[in-house]
Amino acid sequence: MSLDTELVRPLFTAGAPPGFDAPSAGGPGVVRVGLATQFERDPLVRYEDGAVVGAVVRNRVATYLGTSLDFSRRVSARFSLPVVAQWGSELADLSGDGVHAGDLGGGLRVDILEGGPVALSARADLLVPIGAAAAWVAEEGVRFSPGAVLGVDLGRVGILADAGVTLRPTVRTTDALTVGPELTAGLAATAAIVPDVLDGYVGALGRFGLAADAGPGASSMEALLGARLHALPTLEVDLAGGRGLTRGYGGTAYRVFASVTFHRAPADRVAPAETASVPALSRDAVLDLSGIEEAPEPDGGAAAVVETPLARVEQKEIVIRDPLQFERGTDRILPSSQATLLFVARLMNENPDITQLVIEGHASGEGTFEHNYRLSVERALAVFQALVEAGVHPTRLACRGFGEVSPAVAGDDDAARARNRRVVFHIAHSLAPNEPNPGWSTNVRLPWSGEAKASPAPPPPPPAPTGPVDFRDEDGGTP
């Protein structure tokens, strides 16, 4: 009875459904910690002559505590430990009822191909006994599982494929079940139902016995359907259900899965202290200047200290006082930069003569050119969306990424990298003096959601000249 029958083992990997791996790391220092629990009905039953004679394990609740750590953009590790409660066995001689600790799981993943729509990683996992082998939840020997993970990014839809082998000594549990080396495989599709809020996924995973004497019970497959809610920027909640597709060990009559995962990414640099109280930017935000207030003069009539504004217009650029802050390796804007973005939006609406502002994203020289270019484009796009949500008309904005090819300063130390990771607001076109503004519609639909928004009205055209028109030239004559 020293056999681990679990088929769906959560890995707490970013972007992957339960039981699956994903082929890309989040970035240096990204940590994920999760707690998952699942109820399984009939994960192990005994057959004789094709008929069920009783449930070896009738009910099971398995709870996993796990964590993953990204050492770099290409290398990540993960660990997990299960505690299992089982009850309701119908076969006393094979019963595994009780509470048991499972085997400690650990793994390492190395990205081989990244930077485009297709990503490929190599993985290696170990399952190590940490105590006495328990009934149907742990084994006596170490299991090693190398494999590969393939991901295809199709925009709002993604495809994940995972294949590998599990190497273990032959385990003979009964005269009806012999388990040895196995082929493992999984295929899943994910979809952004509501981008950055709700994802859905569907998939199937299985294992197939490779031993010469492996019977039909040594292979099993199960289908999964679930959803992931991004409840907070750092918190994800998963709910999923599954059902066995074959009669092999570990496949269930049905499965219910739930997990909560917290992830933390260090900031690219230390965020400066905020100097203004502003409302948070959100999907429903419209520019509200009431949150940006000038400090009153001190008592006694003394002149107030004039602080450098968060942003200002200088010739062909809107210059920001503090660099915009993002979570490391992502396009997620940190709260410390919301005041700056609202200030830039205010400047745009107070200066309607700026008819084209280009948001330029730049990256430091860490990582590949492909990754840095993609990240610079995504960050510029995130700023574009934030400014539109704050009331700037989208026809006045454009965005582009330069990756690492246009650094602000030379050097490869932390200070130089911090300066080269930046967003620049370049004024591409302004109206000439007295040139009429072509205007824009006050009704806007957000390009990424179709949601209706209101935009401040363009300025009225300059008044037509009044009174008699003087046609004399500069010399006092007539033309």
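User: Hi! Which element gives the most to the lining of the second largest cavity?
Analyst: Hello! That is β15, with 3 residues; strands here are DSSP runs of E, at least two residues, and helices are runs of H or I, at least four, numbered from the N terminus. This is a predicted model, where local features need pLDDT of at least 70 and side-chain atom pairs 80 or more, while totals for chains, interfaces and linings use all residues. Residues are numbered from 1 along each chain as its sequence is written, and side-chain values use heavy atoms, without hydrogens and water.

User: How much space lies in the second largest cavity?
Analyst: About 120 Å³. A cavity is a set of points on a 1 Å grid over the protein atoms alone where a 1.4 Å probe fits but cannot get out, and lining residues have an atom within 4 Å of a point. The volume is the space filled by probe spheres set on the points, which are joined across faces, edges and corners.

User: What volume does the largest cavity have?
Analyst: About 610 Å³. Of its 32 lining residues, Leu7, Arg9, Ser145, Thr166 and Thr184 are closest to the centre.

User: Switching topic, where is Glu370?
Analyst: Glu370 sits in helix α2, residues 369-389. Its C-alpha atom is 8.0 Å from that of Gly403, 33 residues apart along the chain.

Notes: 1 Å grid on protein atoms, 1.4 Å probe; cavity = no way out; pocket = protein on both sides within 12 Å on 5 of 7 lines; lining within 4 Å.
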